[in-house]
Amino acid sequence: MKTIGIVDTTFARFDMGSAAVDEIKQHVSARIIRITVPGIKDLPVASKKLIDEQGCEIVMALGMPGAAQKDKMCAHEASTGIIQAQLMTNTHIIEVFVHEDEGKDEKELAFLMENRAREHALNVVDLLFKPEKLVKQAGTGQRQGFEDVGSLRG
Ligand SMILES: Cc1nc2c(=O)[nH]c(=O)nc-2n(C[C@H](O)[C@H](O)[C@H](O)CO)c1C
């Protein structure tokens with residue numbers, strides 16, 4: 001059975017990890033290992049440990065960068081770490097960040113956090129089980145959370 005890692009944060013204002021786990025379970029049978037860390041800068045090592053020590057074949061790293069400038073800096077550092085962890089392990093770590101200022105209000109932010117987590121969970125399922133499905137979607141303007149924008153070729 002394939003193993004999927006889920007890492008999320010306590011800093012986030014919506015339980016993105018549960019949304020991702022629920023979505024995966026609705027589509028495939030896989031072993032899911034979930035951990036939660038304080039904030040986004042803790043995601044890279046947590047993801048790497050899931051791969052190196054727990055045998056995860058793909059990981060979702062979910063978090064919410066805050067709206068302040070220091071949070072945006074923190075998000076950039078976390079992203080860099082996540083990319084480094086992917087290269088060190090030769091394994092996909094799908095970064096699922098929703099910036100707190102992406103939603104115009106709390107309702108839209110919660111909607112976005114849930115939907116982006118769920119839609120990226122489907123990407124993870126496809127990457128692991130049916131990568132040819134993503135090839136069919138190449139260039140189609142997919143977006144996770146808000147509406148897809150579509151292909152320039154209609
Ligand atoms: C400034 C800051 N901003 C965020 C953020 O926007 N989102 C988030 O999830 N975590 C933030 N953190 C916490 C760090 O990511 C981390 O948890 C601590 O520095 C402990 O390693 C910090 C320190």
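Author: We start with a definition: a crossing is right-handed if the near helix is turned clockwise from the far one by less than a right angle, and left-handed if anticlockwise. The model is a predicted one.

Reader: Which hand does the crossing of α2 and α3 have?
Author: Helix α2 covers residues 43-54 and helix α3 covers residues 69-89, and their axes come within 8 Å. By the definition just given, the crossing of these two helices is right-handed.

Reader: Are α2 and α3 roughly parallel or oblique to each other?
Author: The axes of α2 and α3 cross at roughly 20°. Angles under 35 degrees count as roughly parallel. The two helices, α2 and α3, are therefore roughly parallel.

Reader: Which residues of α3 make the contact with α2?
Author: From α2, the contact uses Leu43, Pro44, Lys48, Ile51 and Asp52. By class, the α2 and α3 contact holds seven nonpolar, two polar and two charged residues. The residues on the α3 side are Ala78, Gly81, Ile82, Ala85, Met88 and Thr89.

Reader: Are α1 and α4 roughly parallel or oblique to each other?
Author: Helix α1 (residues 16-27) and helix α4 (residues 106-129) have axes that come within 8 Å and cross at roughly 40°. Angles under 35 degrees count as roughly parallel, and 65 to 115 as roughly perpendicular. Helices α1 and α4 are therefore oblique.

Reader: How many charged residues are in the contact of α1 with α4?
Author: The contact includes Asp22 and Glu23 of α1, with Glu114 and Arg118 among those of α4. By class, it has nine nonpolar residues and two polar ones, and the number of charged residues is four.

Reader: Which aspartate has a side-chain N or O atom 2.7 Å from a nitrogen atom of the ligand?
Author: The residues surrounding the ligand include Phe11, Asp42, Asp71 and Cys74. A polar backbone atom of isoleucine 40 lies 2.9 Å from a ligand oxygen atom, and one of methionine 64 lies 3.3 Å from a ligand nitrogen atom. The side chain at 2.7 Å from a ligand nitrogen atom belongs to aspartate 71.

How values were computed: Residues are numbered from 1 along each chain as its sequence is written. This is a predicted model: local features need pLDDT of at least 70, side-chain atom pairs count only at pLDDT 80 or more; totals for chains, interfaces and linings use all residues. Side-chain values use heavy atoms; hydrogens and water are left out. Axes are lines fitted to C-alpha atoms, for helices over the stretch in contact, and angles run from 0 to 180 degrees between N-to-C directions. Helices (H or I, at least four residues) and strands (E, at least two) are DSSP runs, numbered from the N terminus. Angles under 35 degrees count as roughly parallel, over 145 as roughly antiparallel, 65 to 115 as roughly perpendicular and the rest as oblique. Contact means heavy atoms within 4.5 Å. Ala, Val, Leu, Ile, Met, Phe, Trp, Tyr, Cys and Pro count as nonpolar, Asp, Glu, Lys and Arg as charged, and the others, Gly among them, as polar. A residue is near a molecule or strand if one of its heavy atoms lies within 4 Å of it. A polar contact is a pair of N or O atoms within 3.5 Å; within protein, one must be able to donate a hydrogen and the other to accept it, and residues adjacent in sequence count only if both atoms are side-chain atoms.
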